[in-house]
Amino acid sequence: MNIHKNGWVHQLLRQMSDTVHQSREEQKLYRIALESAYEGIVVADRNGIVLEVNETYASFIERERTELIGKHVTEVIENTRLHIVAKTGRAEFAELQKIRGHWMIANRIPVFSSGELIAVVGKIMFQDIDKLFEMNAKYKEIKAYLQASEKPQRSPFSAKYRLEHITGASLALEKVKTMAAKAANSNSTVLLMGESGTGKELFAHAIHQLSKRFYGPFVTVNCAAVPEALFESELFGYKEGSFTGAKKSGKLGKFALAHKGTIFLDEIGELSLSMQAKLLRVLQEKEIEPVGGLPESVDIRVIAATNRRLEQMVGEGSFRRDLYFRLHVVELRIPSLRERREDIPPLCEALLADIEHWTSESGMDKVGIEPEAMKLLQSYDWPGNVRELSNVLERALYMMEGRMIKTNDLIDSLKQPGAGQQGQMAQVAANFDYVRGSLQTGTLKEAVEQLEQQYIKQALEEANGDKRLAAQRLGLSKSVLYTKLDKAKKQN
């Protein structure tokens, strides 16, 4: 028989050849897909005979792929139920199966064609049960994240402020903001140092908001306000019937309330030594012991703040050295207002906008500050920092006439010659306890000399050792500053 080119026989043979080629390509693609699958997959026919299996599944049951094909599933797969699903036609999802001493989770799915069962597919979802627990933990974390995003006010224990709420663009402030953002990425303890009124609590809120714990609680503890007798019950909680007057349901302490979140320990330097010892145990062991109860684990991130010099307190014996090192992991020093005078104009604008009762009562859209008044505000040293600035502006609003704050509207203490330096010296004494500590003995002249030395030392620290800048801040000439430094060196 002669086959002519383009004749019907020739065309039929070409079609058959194309069909075979296509089938081979599809089979090749099917094999690639099967082997590329992350999960282990096995396919058996309606009688339970293995038709196909990928290398992932074969490797998991520690057999060669060629050993499995053509065998009944009960011969080669431990604790299998593929043959049972082939008989019942009912799929089984997320079933535990033990193979070679390892628990895994499997799906068994019947395959139908024209209403008739033709095969069963077995799929390993998790080769190790621990992987399921890991995924479940991640799922809970993501769910909490989404719920937190949908509910801005989750509870009374939530952070209110972010870095953008901290007004100012000075180099000193931007440097601390950058460090705060970096610190937020870790789980390390953060110690916020700085004078009263500089905004340490705002930074604590912002660090929590930027951290991975932002969906968790943010609990604040004012250490100076907790009586020593109530320290344990307030911070660690208590169980029912643990003491007379205890609530029947017991009470959760601050640390338990902060679980999976952040606890902010403000004014940490005010704790007594006995309270410090109890706090140290929590930080070391990551567990609390409620009054009348057993130890409980807590997952917390600690941010502490103080306006006192903890290192000096350690030397004096009023602060535990081991607790200091526990807290002093990441230190952020918040600059005082006198160190970032260029931030005063935008701060004034923000603070005036925040005084809601004034704007609501007066009906005024915006209050301004005359240039001379702003110059006066920028020349003052602000011993009370932003808190004092807010107080001065609020008072000025009640003194002003019209829509502009003038110099006459500002309190008299700002207008006195040298007001800034006097305020700064008062702040050094108040914040760092120099007067109460080392200046209690000796003559008045000796006390004044000691205070002057401490003040000069503080100015040099704030100027990073720059004597010219320190002299400028002190209102002294450079030669006078050198003279005082030489005198102090000889006395020591």
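Which residue is the bridge partner of Glu 95 in β4? The partner is Ala 106. The views below come from a predicted model in which local features need pLDDT of at least 70, side-chain atom pairs count only at pLDDT 80 or more, and totals for chains, interfaces and linings use all residues. Residues are numbered from 1 along each chain as its sequence is written, and side-chain values use heavy atoms, with hydrogens and water left out.

**View 1. The hairpin of β3 and β4.** Strand β3 (residues 92-99) pairs with β4 in the antiparallel sense over 6 bridges; strands (E, at least two residues) and helices (H or I, at least four) are DSSP runs numbered from the N terminus, and pairing requires at least two DSSP bridges. Between the two strands lie 2 residues, and Arg 100 in the turn has a positive phi of about 55°.

**View 2. The contact of helices α14 and α16.** Helix α14 (residues 344-354) packs against helix α16 (residues 371-379) at an angle of about 110°, with the axes 10 Å apart. Axes are lines fitted to C-alpha atoms over the stretch in contact, and angles run from 0 to 180 degrees between N-to-C directions. The helices are therefore roughly perpendicular, a class covering 65 to 115 degrees. Ile 344, Pro 345 and Cys 348 of α14 meet Met 374, Leu 377 and Gln 378 of α16, where contact means heavy atoms within 4.5 Å. These residues divide into 5 nonpolar, 1 polar and no charged; Ala, Val, Leu, Ile, Met, Phe, Trp, Tyr, Cys and Pro count as nonpolar, Asp, Glu, Lys and Arg as charged, and the others as polar.

Notes: Angles under 35 degrees count as roughly parallel, over 145 as roughly antiparallel, 65 to 115 as roughly perpendicular and the rest as oblique.
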